[in-house]
Amino acid sequence: MTSATDTHGGHDDHAHGPAKGLMRWVLTTNHKDIGSMYLWFSFIMFLTGGAMAMIIRAELFQPGLHIVEPAFFNQMTTMHGLIMVFGAVMPAFVGLANWMIPMQIGAPDMAMPRMNNWSFWILPFAAVMLISTLFMEGGGPNFGWTFYAPLSTDYSPPSTTFFIFAIHMLGISSIMGAINIIATILNLRAPGMTMMKMPLFVWTWLITAYLLIAVMPVLAGAVTMMLLDIHFGTSFFNAGGGGDPVLFQHIFWFFGHPEVYIMILPSFGIVSAIIPAFARKGLFGYTSMVYATASIAFLSFIVWAHHMFTVGIPLIGELFFMYATMLIAVPTGVKVFNWVTTMFRGSMTFETPMLFSIAFVVLFTIGGFSGLMLSIAPADFQYHDTYFVVAHFHYVLVPGAIFAIFAACYYWLPKWTGHMYDETLAKTHFWLSFIGMNLTFFPMHFVGLAGMPRRIPDYALQFANFNEISSVGGFLFGTTQFLFLFIIIKCIRGGEKAPAKPWEGAEGLEWSVPSPAPYHTFTTPPDVK
Amino acid sequence: MSQSDKGESDQKTLSVAQSARRTVIRSILVAIGMFGFGFAMVPLYNVFCQVTGLNGKTDPDPYLYKAAEAKADTSRDIKVQFVATRNAGMSWSFTPSTPQVTVHPGEPGVLNFVVKNPTDKPMVGQAIPSVTPFEATNFLHKVECFCFTTQTLQPGEERIMPLRIIVDQELPKHIKKLTLSYTLFDVTHLQ
Amino acid sequence: MRQQARSLFLLLAGSTASGSSLAEWEVNMTEGVTAVSRNIYGLHMTILMICVVIGVIVFGVMFYSIFKHRKSKGAVPQQFHESTLVEIAWTSIPFLILVLMAIPATKTLVDIYNTDEADIDIKITGYQWKWQYEYVGEDVSFFSNLSTPREEVTNVRTKNPNYLLEVDEPLVIPVGKKVRFLVTAADVIHSWWVPALAVKRDAIPGFINEAWTNIDVPGTYRGQCAELCGKDHGYMPIVVEAKSEADYEAWLVAKKEEAEKERELTDKVWSMEELMARGEQTYNKVCAVCHQVNGTGMPPLFPALKGSAMATEASQIAAHVDIVVNGKKGTAMQSFANQLSEVDIAAVVTYERNAWGNNTGEMVTPKEVMEYKKTGKYVEETAKQAMPAKQQASL
């Protein structure tokens with residue numbers, strides 16, 4: 001009980017329930033409030049980035065220029081990537097972490113509640129700044145989400161400065177979020193909750209948080225160097241002044257590769273909670289799951305140059321990065337085998353969270369296969385920067401991150417709202433998303449192999465048919481997400497009352513508190529056996 | 001709850017808060033350290049490039065050539081090609097006097113590059129060398145090169161810039177042809 | 001607006017301008033026409049098959065469980081959570097498969113990196129948004145621009161089968177020879193890629209990269225820039241024509257003669273009509289990507305020329321010649337001194353000063369441009385035959 005009041009500092013009067021009105025949300029230090037705000041913010045960004053994807057798919061529906069000019073098309077691909085990565089996926093995971101980590105480890109709140117409030121409230125301002133660049137003279141960032149120099153320095157639009165500040169703010173927000181999560185997990189676990197008893201979602205988030213504090217500052221360094229190059233006459237990335245454009249790529253991908261694991265590791269945790277719950281059988285190989293996650297995180301630091309096989313790296317470097325990258329398949333394989341074995345001889349039911357989790361396992365594995373193909377350096381000379389790569393990373397990110405987030409939302413919605421969601425509608429959402437996603441991204445493998453480069457607004461005729469299919473799939477996937485919004489709102493406003501533990505096979509401390517979870521939980525630490 | 005229980009739990013909470021704060025401080029230090037590491041990658045990368053010849057980056061300093069030590073390896077002929085690129089926006093003309101020289105390892109090769117500033121403004125240029133194959137980068141020495149410094153040309157001025165190179169005797173046997181590329185950049189705005 | 005409505009209609013109608021042929025359903029990587037490309041194809045198919053087999057096994061077990069071990073069929077969960085033996089097995093077996101896969105991959109990679117003993121060296125320079133090819137030691141050098149007409153891009157005209165994959169001057173190389181490419185760029189990073197050759201190399205400003213090919217079969221092979229390089233990244237294709245050695249030699253000779261003729265043209269006395277005709281051609285090929293065919297540009301990035309002070313005021317002729325010759329620092333306006341001949345520069349400037357109602361009647365001659373390039377000063381040639389203003393208006 002004391003810990004609850006402590007974390008609230010001077011807001012003792014709030015101890016038993018939320019304040020009223022808008023200021024509740026502005027000043028809140030409650031992990032559940034902040035978690036909800038993160039999730040709503042991320043959903044808004046998901047729709048914004050999605051709208052941009054719709055523009056991209058509409059333009060690519062047929063060869064020829066139809067709807068937008070190439071200059072604007074490039075801004076759309078860039079902003080779509082940036083918003084989905086920094087606005088949608090990462091904040092959604094932080095939101096889930098805020099809601100669930102304290103409840104899963106028996107803590108009353110996050111370790112640094114006021115910092116938590118800050119790290120959220122930076123986000124909307126950063127997002128507004130980033131999106132506002134689209135309306136500035138010369139347009140928004142148009143150099144791809146990877147912003148390779150010198151296209152992003154000497155040849156960039158004037159709005160790049162605002163883009164850099166937006167990235168700084170997003171980075172600071174993620175770092176603060178990550179530090180908070182580390183502090184919470186390391187210090188606020190209930191007595192008896194040893195490290196190796198923690199749910200995998202907590203474990204994967206702990207590792208993710210370490211990745212975040214290790215690489216987000218490197219990204220901040222990279223954009224700072226860009227800023228210096230653009231405005232202060234330095235030559236970090238300008239070959240003419242003694243710098244090196246390739247250096248940018250090394251720094252970027254040193255951040256960028258761990259970043260893609262930042263977007264997938266928490267999903268591993270989510271799926272590792274959901275599959276055992278609906279198979280009514282404990283997770284197979286908990287320990288190996290922890291070690292596999294840690295090895296993936298470690299490997300992520302030594303494989304970055306596989307994004308740069310065509311840059312002109314000496315043979316020995318090329319071989320090193322190829323072998324290291326291939327190795328990632330081993331721990332990733334272990335995870336997939338563990339999930340499948342968890343299902344094997346279980347007693348399965350297929351509620352929506354389970355459907356999304358199964359789709360995650362299948363589709364993420366397909367993305368993993370194409371990743372393995374991409375790791376073969378000589379073959380990458382043909383795959384690199386084609387739609388094959390676009391297909392690959394959308395197969396790991398859409399089912400990998402987004403489907404896992406959907407699964408998590410459905411799984412924990414009863415706990416959050418106290419109501420069951422509409423199962424029929426949710427299953428419709430799943431099937432439409434599943435079909436739409438595959439229809440969009442599977443044909444991209446084909447056009448990529450047939451030779452279509454990525455990031456082009458217009459293409460040769462032989463790519464027309466599959467692009468048409470992709471676009472139809474994209475529109476289906478995009479519009480389906482409004483159904484998700486509807487389901488969530490319906491569930492918040494009412495529905496069948498949810499018991500404390502709505503899923504028969506679910507395990508974990510979060511199910512020991514009533515649904516909806518009271519504003520303050522575990523003010524007295526629970527006993528963990 | 002008994003008095004002593006409460007005291008104990010208070011003490012415990014305090015220590016939790018303290019250790020949480022310690023974790024936060026440590027994490028912030030890690031983050032700051034990694035921000036510094038991002039910048040440290042710049043010199044690290046340059047050293048790495050020079051050692052491995054990555055990117056064909058050559059040593060920026062002149063090679064100290066001692067005529068007495070250098071014994072030409074007359075058993076081998078090495079072709080050294082020269083290619084010149086003008087970066088976009090660089091309007092100087094820039095050409096090697098000969099596209100290729102053949103030298104023995106250890107024996108200096110000499111040629112000229114001709115530059116001309118056709119504009120009506122004084123301009124500063126910087127030539128950036130790059131060598132292929134990468135493997136050969138550290139075996140192609142420049143004794144005298146216009147790339148060691150920037151070049152300032154007055155309007156209409158033409159300049160003949162000498163280049164003296166030596167191919168190292170240690171050059172791996174399978175390499176018979178080297179390419180030395182120069183890209184000329186307009187660096188007037190950086191001065 | 002009407003144009004947009006039309007495109008939207010086409011979009012909704014879902015009509016394909018091209019009809020359907022087998023190539024449009026191409027689902028796999030090309031085998032290509034070199035030993036390296038075939039090796040890569042082989043690697044690609046092997047690893048794909050390995051993935052398919054693993055996928056069938058893993059998903060097979062999974063779907064078996066999904067159908068058999070469901071609660072509705074009365075399945076009772078077994079409780080087993082750990083098996084060191086199994087874990088070791090499924091760690092080491094994939095590892096062994098990877099090692100087996102790494103061996104041929106390494107071999108191919110070593111081969112790709114062996115650029116020794118090349119017969120021909122060609123320097124490839126990427127520009128926004130075109131390629132320059134220089135045959136090292138041959139004094140042959142030219143630019144290769146997209147040749148698809150603008151009307152096809154804007155859907156006014158039916159797209160031809162090589163839409164966006166055609167250039168005005170292709171790279172010509174002989175078959176059966178080891179050709180080494182020296183790849184670099186003059187502005188931002190580009191990437192030179194021809195799938196049939198399995199060559200993809202980044203073109204990086206300030207640095208030189210190398211790659212090589214040895215084509216077996218004569219033919220025309222098409223590719224595209226593979227690294228985002230700005231607005232017209234999608235519009236800088238690559239076309240390689242592989243010819244027999246004799247044809248290649250003949251082409252080389254013809255190319256040199258053509259260059260010689262081009263040089264002679266500078267000394268010719270040009271009439272306004274001739275310059276305007278040539279200027280229109282060159283403008284549409286080189287300048288219209290940014291300044292648009294009708295000269296209206298895309299402000300603020302690409303200023304309009306139609307009615308602009310620079311292209312209409314007599315006092316600005318020198319500035320006009322200067323910006324075309326030397327470019328404008330910090331903008332997309334490149335220096336064309338080394339990309340266009342004196343004739344083309346003169347023609348373009350003349351065209352820009354007289355097209356789209358910019359009826360200045362002023363003419364800039366190749367000799368004036370040559371003089372400007374030499375001295376940096378624009379001195380009007382006395383002998384030139386500018387057109388009377390009256391005649392001009394009817395143009």
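Modeller: Ground rule before we start: two residues are in contact if their C-beta atoms, placed from the backbone, lie within 7 Å. This is a predicted model, where local features need pLDDT of at least 70 and side-chain atom pairs count only at pLDDT 80 or more, while totals for chains, interfaces and linings use all residues. Residues are numbered from 1 along each chain as its sequence is written, and chains are lettered from A in the order in which they are written.

Biologist: How many residues does the contact take from chain C and from chain A?

Modeller: By that cut-off, 84 from chain C and 82 from chain A.

Biologist: Which residues of α3(A) and α17(A) meet?

Modeller: Among them, A:L47, A:G50 and A:A53 in α3(A), and A:S470, A:S471 and A:G474 in α17(A).

Biologist: Over to chain C. Why is strand β1 called mostly covered?

Modeller: A residue is buried if 20 or more other C-beta atoms lie within 10 Å of its own. Seven of the eight residues in β1(C) (residues 120-127) are buried, hence the wording.

Biologist: And how do you know that β1(C) and β2(C) pair?

Modeller: Pairing needs at least two DSSP bridges between the strands. β1(C) and β2(C) (residues 130-135) have six, in the antiparallel sense.

Technical notes:
Helices (H or I, at least four residues) and strands (E, at least two) are DSSP runs, numbered from the N terminus. A residue is buried if 20 or more other C-beta atoms lie within 10 Å of its own, exposed if 12 or fewer, and partly exposed in between; C-beta atoms are placed from the backbone.
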